[in-house]
Amino acid sequence: IGVFEPQSGDNGAGGKQEVLGIQYANSVKPTVTIGGEEYKIELDIQDNQSSTDKAVSAAQQLVADKVSVVLGSYGSGVSIAAGTYFANAKIPAIGCSCTNPGVPLGNPYYFRVCFLDPFQGSVMANFAKDEFSAANAYVLSMLGEDYGSGLATYFVNAFEDLGGTVTSEQFPEGTSDFSAYIQNAINAGADVIFAPCATTYAAQIITQAASAGFDKPITAGDTWESSVILDAQKGTSVQVYCSTFFDENDDSGAAKEFVTGFKEWLNADSQKLTNNGGNDIVAAVSALGYDGYMVALEAIKAAGSTDGTAIRDALYGVNYDGVTGNITFDQTTGDANKDMAYIKKAADGAFEFVKTQSVEG
């Protein structure tokens, strides 16, 4: 099984957490039975370095290694960049947390176990309206970044449909000084900031918003559910909220069992703990990585083969009760049929569950 994930670059922190979920799943189910014979499952981990350029060489390596199925990636841009290579090699890919609608477009070999950005953008727009009575939003994303730009657009459209006013800006890659953007948000009279971007930039935005005395909520999508965000928010009065796929306090059977086992597994290895951000908080992307691996196993078993096209065909019939909810796939797009998000707040080193938000509200 190929693991196509960032282990370095802007999304390295989140990528490491997604890989941890995959590795834990591999420790739980290290073998698969095909045609009555048991096979050991090997993980082939390739670092796409959070870069669309490097993503291509990482994808080509997995193709050359003749993996049966690919898991990843954290980051929609790298997933889109690699998709053609997997499709041409007839290797199915299962995205764990890449939420941009463009990932499977024109690609019959890309599936996903997460919800999508049009839903997530709408959820956060509705949350801003319902929770804070926000009438004026400031939206900030990185220029040329598929995930953030897409999510920003969906938020803007939904917020304006709700009668709100939006000021929208983009920052160039490599920006480290966000003070002017934060001042622009203040000058615009923003009731809320929505800033879907990589955690390296997010940490700077939070820290600099605290320095500027910005006292309104700062919100974002799933990438902000990270220890990097908790560390930046800790000790400040900045209100930080994000939408995500999973809550470690979910006490349903599968989720509870996963959280208990994953924490034990993490705490038994100092390097794994470091890769998780130095603590045993269970990130939603770890839960999605776990589900992605288990879904791949279901498809391999159903296919009774390691042939990529046979596994791809079998994925359409998968019905798996995962730790992030039931997973079935849309027969046209290969996207998971999901309609619920968790809203969390970063507060003094931990994420607090705020509410669940479905399509209906």
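**Exercise 1. Thr 324 and its surroundings**

Task: Find which residues Thr 324 is in contact with, leaving aside its neighbours within four places in sequence, and decide whether Thr 324 is buried or exposed.

Solution. Keep in mind that you're working with a predicted model.

- Step 1: Locate the residue. Thr 324 sits in the loop between β13 (320–322) and β14 (325–327).
- Step 2: List the contacts. Once the neighbours within four places are set aside, Thr 324 is in contact with Phe 245, Phe 246, Ala 287, Leu 288, Asp 291 and Lys 338.
- Step 3: Pick out the polar contact. The side chains of Thr 324 and Lys 338 make one, at 2.7 Å.
- Step 4: Check the accessible area. Buried means under 20%, and Thr 324 has a relative accessible area of 12%, so Thr 324 is buried.

**Exercise 2. A buried asparagine in a helix**

Task: Work out where Asn 26 lies and which side chain it joins in a polar contact.

Solution. 

- Step 1: Look for the helix. Asn 26 has its place in α1 (residues 12–28).
- Step 2: Judge the burial. The relative accessibility of Asn 26 is 16%, and it therefore counts as buried.
- Step 3: See what it touches. Not counting residues up to four places away in sequence, Asn 26 touches Ile 41, Leu 43 and Tyr 293.
- Step 4: Find the polar partner. A polar contact of 2.9 Å links the side chain of Asn 26 to that of Tyr 293.

**Exercise 3. The five-stranded sheet**

Task: Give the strand order of the open sheet formed by 5 strands, then say which strands stand at the edges and why one side of each has no neighbour.

Solution. 

- Step 1: Write down the order. It goes β4-β1-β5-β6-β7, with parallel pairing.
- Step 2: Find the edges. β4 (44–47) and β7 each have a single partner strand, so one side of each is left without a neighbour in the sheet.
- Step 3: Zoom in on one pair. β6 and β7 run parallel and are joined by 3 bridges; Ile 94 has Phe 111 in β7 as its bridge partner.
- Step 4: Helix α2 (residues 52–64) lies across β1 (2–5), β4 and β5 (70–71), at about 180° to β1. Helix α3 (residues 76–88) lies across β1, β5, β6 and β7, at about 145° to β1.

**Exercise 4. One side of a helix**

Task: Find which residues of α12 (residues 308–315) are buried and explain why they are on the same side.

Solution. 

- Step 1: List them. Gly 308, Ile 311, Arg 312, Ala 314 and Leu 315 are buried.
- Step 2: Look down the axis. These residues cover an arc of only 165°, which puts them on the same side of α12.
- Step 3: Recall the general rule. An α-helix has 3.6 residues a turn, so residues three or four places apart point the same way.
- Step 4: Ask what covers them. The cover includes β6 (93–95), β7 (110–112) and α11 (284–303).
- Step 5: Check the N-terminal end. Asp 307 caps α12 there, with a side-chain oxygen 3.3 Å from the backbone nitrogen of Thr 309.

**Exercise 5. A hairpin and a crossover**

Task: Say how β2 (residues 31–34) and β3 (residues 37–40) run, and how β8 (residues 136–142) and β9 (residues 165–171) run.

Solution. 

- Step 1: Take β2 and β3. They run antiparallel, joined by 4 bridges, and Thr 31 stands opposite Lys 40.
- Step 2: Inspect the turn. β2 and β3 form a hairpin with 2 residues between them, and Gly 35 in the turn has a positive phi of about 60°.
- Step 3: Take β8 and β9. These run parallel, with 7 bridges, and Ala 137 is opposite Val 166 in β9.
- Step 4: Follow the chain. From β8 it passes through helix α5 (residues 146–161) to β9, in a right-handed β-α-β crossover.

Methods
Residues numbered from 1 in each chain as written. Predicted model: local features only at pLDDT ≥ 70, side-chain atom pairs only at ≥ 80, totals over all residues. Heavy atoms only, no water. Pairing = 2+ DSSP bridges. Right-handed = clockwise from strand over helix to strand, strands pointing away. Buried < 20%, exposed > 50% of the residue type's maximum accessible area, 1.4 Å probe, protein only. Arc of directions from axis to C-beta. Contact = heavy atoms within 4.5 Å. Polar contact = N/O pair within 3.5 Å; in protein donor to acceptor, adjacent residues only side chain to side chain. Axes fitted to C-alpha atoms, helices over the stretch in contact; angles between N-to-C directions.
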